[in-house]
Amino acid sequence: MKKLTPVFTASFILTFIFILWGAIAPGNLESVSGIAQSFLQTNFGWFYLISATLILFFVIYLAFSKFGDVKLGKDDEEPEYSRFSWFAMLFSAGMGIGLVFWGVAEPVSHFYNPPFGDPETPEAAKNALQYTFFHWGLHPWGIYALIALALAYFKFRKDAPGTISATFTPLIGDRVNGPIGKTIDTIAVFATVFGVATSLGLGAIQINGGLTYLNSNIPDSFSTQFIIIIGVTILFMLSALSGLGRGIKWLSNTNIVIAILLLFFFLFVGPTTFLMDTFTTTIGSYAQNFISMSFRLSPFDESGDAWIQGWTVFYWAWWIAWSPFVGTFIARISRGRTIREFVVGVLAVPTIFCAFWFAIFGGTGIYFDNFKNAGIWEAMQFGEYTEIALFSTLGEMPLATIATVLSIVLISTFFITSADSATFVIGMQTTNGMLNPPLGIKVVWGLIQSSAAAVLLWSGGLNALQTASIVSAFPFVFILLFMSASLYKGLQSETTPVKKKRKSL
């Protein structure tokens, strides 16, 4: 790049100031961001819930409307990647580290601290998995699908720049090239940096937990996590050198293979029949209670309201903060697919896989703790080490050491893939939508997001990671809602086959 774009400059300054603030005054950063988080959760939890549900319904409508056959590209274009590689890449970018971190921890947490009702009961176990399915199911993928649809449609079919602001052309016209458009792109980059930093921080925490589990001489501390971040940063920088078609594609395929191996290990070494029964029952209760969960708040129950703010609102904010990154990446790999094929693929396949994953991992954790007194919950509570849940569960199974090593490898490859993909996406957004951003730009953003993850861990650990997601996501909710209106208006210009036929007659 001979000249840096205004979006790059503004985004770099904002994120650098935040990182510098956290490095110099971590306590102050934690205090101020905590106040902002509490304000947003308390006063706008309803806004997050309604917005996420409206977005999901909108993309489902598009898939089954007259626009379903519209291609994300020219009419004669074919998909660039096979379905397996496509699913692997969108899955690795879309969930990644979070699946491994929360796979056991979240259902077990809900079992002992349920959203309502008594803990440690059959009803609590069912609700624990039902709400985990909810948090990792259709809603996050609906948010991702919206951005990816808008970007792919305007970029590949209308030849617009591959930036978030370009999707607003039907609404604001040429003003997307002015201050309004630059502000939209800057907000998107800021949300992406801290959404990805949250995931990278979780990855560093859990890799540290796994290494400590294997060797008690390795301390579970920020210094160890910082070393892990440095090591993985070097690895994903090397991956970035090979580009999208080689590095990310190869790592994504590797991720999905290792994830399936680990999934089958839990399924067949663990209580198989119990786990399959759990999956079947819970997927039914998720479908049955989908609408009520989508709008559930607890204004008359203070403890229930705190639970929703700490879990559901946090997740919705995390997905929204991740959405510019995941949406841009999915758009980049989805050229040539129809809107219907895209929406069904992005919503259905990852949702079913995530449900199966949590039924197997979470069901195993609940089974061992409830029926075998494994002490997983106690291990999680000791020092609030949420990351130890997976390794405590593996400790109850044969070949625990091998499975633990495999888990650490999976977390590491997810870490590399997420960071590599994020540098690519942020590079696109800060270079006016270049499909292949310069290496120097990607290196800068790779260092920025790793630094952000380190600063968040330094200033408050897991709580700081959650706070960053909620705060950075709030302004982007408005962008998502207006993007829906802009995409719909843009699709109105499409001539459906029926209209073409009538015109010819």
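Mentor: A patch here is made of residues with over 30% relative accessible area and no salt bridge, and nonpolar side chains are joined within 5 Å. Keep in mind that this is a predicted model.

Trainee: Which residues make the nonpolar surface patch of about 640 Å²?

Mentor: Trp46, Ile50, Leu54, Phe57, Ile291, Phe295 and Leu297.

Trainee: And which helix gives the most to the nonpolar patch?

Mentor: Helix 2, residues 26-63, with four residues. Phe57 has its place in helix 2, and Phe57 counts as partly exposed because its relative accessibility is 36%.

Trainee: Changing topic. How far apart are the end C-alpha atoms of helix 11?

Mentor: They are 24 Å apart, which agrees with the 24 Å that the 17 residues of helix 11 (residues 272-288) should span at 1.5 Å a residue.

Trainee: Which residues are buried in helix 11?

Mentor: Leu275, Thr278, Phe279, Thr282, Ser285 and Tyr286 are buried. They cover an arc of only 145° around the axis, so they sit on the same side of helix 11.

Trainee: What does the face turned away from that buried side carry?

Mentor: That face of helix 11 carries the exposed residues Thr273, Thr280, Ala287 and Gln288.

Trainee: Thr192, then. Buried or exposed?

Mentor: Thr192 counts as buried, because its relative accessibility is 2%. Thr192 is found in helix 8, residues 179-214, and its side chain reaches the backbone oxygen of Ala188 at 2.7 Å.

Trainee: How many salt bridges does a search of the whole structure find?

Mentor: Eleven. One of them joins Glu78 and Lys71, with the closest N and O atoms 3.7 Å apart. Glu78 counts as exposed at 58% relative accessibility, while Lys71 counts as buried at 14%.

Trainee: Which residue forms a salt bridge with Asp75?

Mentor: Arg157, and the closest N and O atoms are 3.1 Å apart. Asp75 lies in the loop between helix 2 and helix 3 (83-94) and Arg157 in helix 6 (residues 138-157), so the pair ties together parts that are 82 residues apart in sequence.

Trainee: And where does Arg335 come in? What does Arg335 form a salt bridge with?

Mentor: With Glu77, the closest N and O atoms being 2.9 Å apart. This pair links distant parts of the chain, 258 residues apart: Arg335 is in the loop between helix 13 (302-332) and helix 14 (339-371), and Glu77 is in the loop between helix 2 and helix 3.

Trainee: Which residues do salt bridges that share partners join into one network?

Mentor: Asp75, Arg157, Lys158 and Glu494.

Definitions and conventions:
Residues numbered from 1 in each chain as written. Predicted model: local features only at pLDDT ≥ 70, side-chain atom pairs only at ≥ 80, totals over all residues. Heavy atoms only, no water. Patch = residues over 30% accessible without salt bridge, like charges linked within 9 Å, V, L, I, M, F, W, Y side chains within 5 Å. Areas by Shrake-Rupley, 256 points an atom, 1.4 Å probe, with all protein chains shown as cover. Salt bridge = Lys/Arg side-chain N within 4 Å of Asp/Glu carboxyl O. Helix = DSSP H or I, 4+ residues; strand = E, 2+ residues; numbered from the N terminus. Buried < 20%, exposed > 50% of the residue type's maximum accessible area, 1.4 Å probe, protein only. Expected span 1.5 Å × (residues − 1). Arc of directions from axis to C-beta. Polar contact = N/O pair within 3.5 Å; in protein donor to acceptor, adjacent residues only side chain to side chain.
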